[in-house]
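Open your viewer and get ready to click around. We'll go from the whole chain to a few spots inside it.

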Amino acid sequence: MRVDDYTYRSMISSVYNVAAMSELTSYEKINDELDISLYNLYISLREEKSKDKVLERIEELHDIFFIMVQDPTSKEATNKLIKIADETFFKVKD
């Protein structure tokens, strides 16, 4: 799966919008880490040092979002998003 520059910018925007909206939904009450996982993914996508690492996992992200579309409260999906953000940005040394 390839991601061109336009698709990448669109993806960043979409993840940010969903992260902001998730706080307002009832799904957040069921899965408290929903907004955190989405916001962390947004940060990982936004930052240049982790961009390529996140894009290497684009198929995995596709599968995660497929799960989230079916069940936005999926803790399995949010845990996977947190893991990706940790492995690509938050726990990576410069």
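Start by colouring by burial: of the 94 residues of the protein chain, 38% count as buried, meaning under 20% relative accessible area with a 1.4 Å probe, protein chains only. You're looking at a predicted model, where local features need pLDDT of at least 70, side-chain atom pairs count only at pLDDT 80 or more, and totals for chains, interfaces and linings use all residues. Residues are numbered from 1 along each chain as its sequence is written, and side-chain values use heavy atoms, leaving out hydrogens and water.

Now switch to cartoon view. The protein chain has six helices and zero strands (DSSP runs: H or I of at least four residues for helices, E of at least two for strands, numbered from the N terminus).

Next, select Leu38, Leu41, Leu45, Leu61, Ile64, Met68 and Leu81. These have the most contacts inside the largest nonpolar core, which has 20 residues. Such a core is a set of buried Ala, Val, Leu, Ile, Met, Phe, Trp, Tyr and Cys residues joined through side-chain atoms within 4.5 Å. Which helix gives the most to this core? It's α3, with six residues.

Zoom in on Ile64. Leaving aside neighbours within four places in sequence, Ile64 is in contact with Ala77, Lys80, Leu81 and Ile84 (contact: heavy atoms within 4.5 Å).

Last stop: select Val18, Met21, Ser22, Thr25, Tyr27, Leu34, Leu38, Phe65, Met68, Val69 and Pro72, which line the largest pocket. α1, α3 and α5 each give two or more residues to that lining. On a 1 Å grid over the protein atoms alone, a pocket is an open set of points where a 1.4 Å probe fits, with protein on both sides within 12 Å along at least five of seven lines; lining residues have an atom within 4 Å of a point.

Methods
Buried means under 20% relative accessible area, exposed over 50%, partly exposed in between (1.4 Å probe, protein chains only).
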